[in-house]
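Have a look at the chain below, then read on.

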Amino acid sequence: MRWVPAAVVLTALVLYLVTLAPGLLWGDSAKFQRMAWQGELRFDERGHPLWVLLVHPLTKIPGLDPARACNLSSAILSALALWPAFRIMR
């Protein structure tokens, strides 16, 4: 049964990657993508400094659109967050 949390994470990651937005979508303000690309750390109610610190290096990968890098990293982090959530619920 130790493989069940890994299967949940892997299944979610595949689902997130299949439905991943290719970049900015219509109506998207791109506020968080811009903050991650510029490395803008805001410590107020509108900032997410930990997310910016984790995503900023990925936005600098050559050949990868910064918005897509942000979406990809959010998908990976969201899938990984299911591991402790599954363990807590179990």
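## How α2 meets α3

In this predicted model, helices α2 (residues 31-38) and α3 (residues 49-59) have axes that cross at roughly 70° and come within 7 Å. An angle of 65 to 115 degrees counts as roughly perpendicular, and α2 and α3 are therefore roughly perpendicular to each other.

Sorted by class, the contact between α2 and α3 has seven nonpolar residues, three polar ones and no charged ones.

## How α2 meets α4

Helix α2 also packs with helix α4, which spans residues 66-89. Here the two axes come within 9 Å and cross at roughly 100°, which makes α2 roughly perpendicular to α4.

On the α2 side, this contact is made by Gln 33, Ala 36 and Trp 37; on the α4 side, by Pro 66, Ala 67, Cys 70 and Asn 71. The contact of α2 with α4 has five nonpolar residues and two polar ones, and again no charged residues.

## A nonpolar patch on the surface

Now turn to the outside of the model. Leu 50, Leu 54, Ile 76, Leu 77 and Leu 80 form a nonpolar patch on the surface, and together they have about 450 Å² of accessible area.

Which helix gives the most to this nonpolar patch? That is α4, with three residues. Ile 76, one of the patch residues, is found in α4. Both α3 and α4 supply at least two residues each to the patch.

## The chain as a whole

Stepping back, the protein chain has four helices and zero strands, and its pattern along the sequence reads α-α-α-α. Taken along the principal axes, the C-alpha atoms fill a box of roughly 45 × 30 × 25 Å.

Methods. Residues are numbered from 1 along each chain as its sequence is written. This is a predicted model: local features need pLDDT of at least 70, side-chain atom pairs count only at pLDDT 80 or more; totals for chains, interfaces and linings use all residues. Side-chain values use heavy atoms; hydrogens and water are left out. Axes are lines fitted to C-alpha atoms, for helices over the stretch in contact, and angles run from 0 to 180 degrees between N-to-C directions. Angles under 35 degrees count as roughly parallel, over 145 as roughly antiparallel, 65 to 115 as roughly perpendicular and the rest as oblique. Ala, Val, Leu, Ile, Met, Phe, Trp, Tyr, Cys and Pro count as nonpolar, Asp, Glu, Lys and Arg as charged, and the others, Gly among them, as polar. Contact means heavy atoms within 4.5 Å. Patches are made of residues with over 30% relative accessible area and no salt bridge: like charges are joined within 9 Å, nonpolar side chains (Val, Leu, Ile, Met, Phe, Trp, Tyr) within 5 Å. Accessible areas come from the Shrake-Rupley method with a 1.4 Å probe; for residues, only the protein chains shown count as cover. A salt bridge is a side-chain nitrogen of Lys or Arg within 4 Å of a carboxyl oxygen of Asp or Glu.
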